[in-house]
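Trainee: I'd like a close look at one part of this model, please. Take me through it slowly.

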Amino acid sequence: PRKFRTVHFQQAKDEGRRFAMLTCYDAITAGLFDQSGIEMLLIGDSVGNTVLGHATTLPVTLDDIITFSQAVVRGTERAFVVADLPFGSYEVSPAQAVESGVRLVKESGISAVKIEGGSEYTDHVRALVSAGVAVIGHIGFTPQSENVLGGYRIQGRDDDAAAAMVEDALALQEAGAFAILMEMVPAAVARRVDEALRVPTIGIGAGSDTTGQVLVWQDMLGLRQGKMARFVKQYAQLHTVVTDAVSTYHREVLEGSFPSEEHGY
Ligand code: KIV
Ligand code: NA
C-alpha cells in the first residue's frame with residue numbers, strides 16, 4: 001500500500017504474513033525507517049528513557065509525546081504511526097482517555113494510540129474507539145506499572161496468569177482494539193493469545209509467533225552499550241560508529257586538520 005492503515009495489519013494476520021514495528025521519536029529517523037520498509041512506527045513512552053534520560057517511562061507527559069509524535073509524523077510517508085498514551089493521561093476514566101487520545105491525534109496526526117492494561121481498561125478502549133481513535137492494547141509486562149509488578153518481570157508464567165492473559169486480550173479485542181501488543185511473555189503463551197484472537201498481535205520478548213514484532217530502535221541498532229534485555233537483538237553497533245567518528249572529528253579539530261581547504265570558502 002501507499003500508506004499503511006489498520007486494515008493492512010488485519011490482512012497480514014488473515015493471510016499469515018508478518019510486519020515489523022520500531023520505536024521512533026524524530027523526523028530523520030522516521031524517514032530512515034520508513035524508507036527501510038518498516039510498516040509501523042511507535043512513539044513509545046520509552047522516549048523517557050531513550051531521549052529524555054529518565055530512569056523510567058513514568059515522568060513522560062502527554063505534551064512530550066505530542067512533540068515527538070509531530071516530528072515523527074512529519075518525517076513519515078508510508079508507515080502507520082502509533083503513539084503511547086503516557087502514564088497519568090488515561091487511567092482515571094474513559095473520558096480522560098478520550099480527552100488525551102483525541103488531543104494526541106488532533107495535534108500530531110498520528111493514526112492510533114497504545115494503552116497499557118487488560119480487562120480493567122476495556123471501557124477506556126471502547127470510549128476511545130467510539131470517539132474515532134484507533135487503539136492498540138498493551139499487555140504482559142507493562143512498564144508504567146513496574147512499581148506494582150515489582151520490576152521488569154516475565155508475565156503469564158503460570159497457567160492461571162496465562163489464562164488471564166488470553167482473557168485480557170479477548171476483552172480488549174471485544175472492546176475494539178485493532179491489535180494487541182505483548183511484552184515479555186513466554187513464547188507459548190503469546191502463541192496461545194495470537195491463536196485466540198482475530199486481530200493481529202505484536203510481540204517484544206514474546207517469541208516468533210505474533211503477527212508483528214517491535215523493538216526499541218536505539219537498542220536494536222546498538223546505540224547504547226551495556227546490558228540489554230534478552231529479547232534485544234543488536235543489528236548494528238552504532239555506539240562504535242558514533243564514538244569512532246566523533247573521536248576522529250575531535251582529534252582533527254585539535255590538530256587543525258579539519259577543516260581542510262575543501263571544506264572552506
Ligand atoms: O514505549 C515503548 O517503546 C513500547 C514498546 C517497547 C512496545 O511500549
Ligand atoms: Na511504551
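Which crossing, left-handed or right-handed, does α5 make as it passes α6?

Mentor: Keep in mind that this is a predicted model. The crossing of α5 past α6 is right-handed. Now for the geometry behind that. Two packed helices are described by the angle between their axes and the distance between the axes. Here, helix α5 covers residues 94-108 and helix α6 covers residues 122-130, and they pack at an angle of about 45° with axes 8 Å apart. That angle makes α5 oblique to α6.

Next, look at who does the touching. From α5, the contact uses Pro94, Ala97, Val98 and Gly101, while α6 brings Asp123, His124, Ala127 and Leu128.

Around ligand 1 you'll find Thr23, Leu42, Gly44, Asp45, Ser46, Asp84, Leu181, Glu183, Ile204, Val214 and Val216. That shell splits into 5 nonpolar, 3 polar and 3 charged residues.

Asp45 and Asp84 are both in the shell around ligand 1, and an unreviewed UniProt entry lists Asp45, Asp84 and Glu116 under "binding site". Those three listed residues are spread over 72 residues of sequence, yet they cluster in space, with a largest C-alpha distance of 10.8 Å. To find Asp45 on your screen, go to the loop between β2 (40-43) and α3 (47-50).

Definitions and conventions:
Residues are numbered from 1 along each chain as its sequence is written. Chains are lettered from A and ligands numbered from 1 in the order in which they are written. This is a predicted model: local features need pLDDT of at least 70, side-chain atom pairs count only at pLDDT 80 or more; totals for chains, interfaces and linings use all residues. A residue is near a molecule or strand if its C-beta atom, placed from the backbone, lies within 6 Å of it. Ala, Val, Leu, Ile, Met, Phe, Trp, Tyr, Cys and Pro count as nonpolar, Asp, Glu, Lys and Arg as charged, and the others, Gly among them, as polar. Axes are lines fitted to C-alpha atoms, for helices over the stretch in contact, and angles run from 0 to 180 degrees between N-to-C directions. Helices (H or I, at least four residues) and strands (E, at least two) are DSSP runs, numbered from the N terminus. Angles under 35 degrees count as roughly parallel, over 145 as roughly antiparallel, 65 to 115 as roughly perpendicular and the rest as oblique. A crossing is left-handed if the near helix is turned anticlockwise from the far one by less than a right angle, and right-handed if clockwise. Two residues are in contact if their C-beta atoms, placed from the backbone, lie within 7 Å. UniProt positions are given in the numbering used here, feature names are shortened, and annotations may be inferred rather than shown by experiment.
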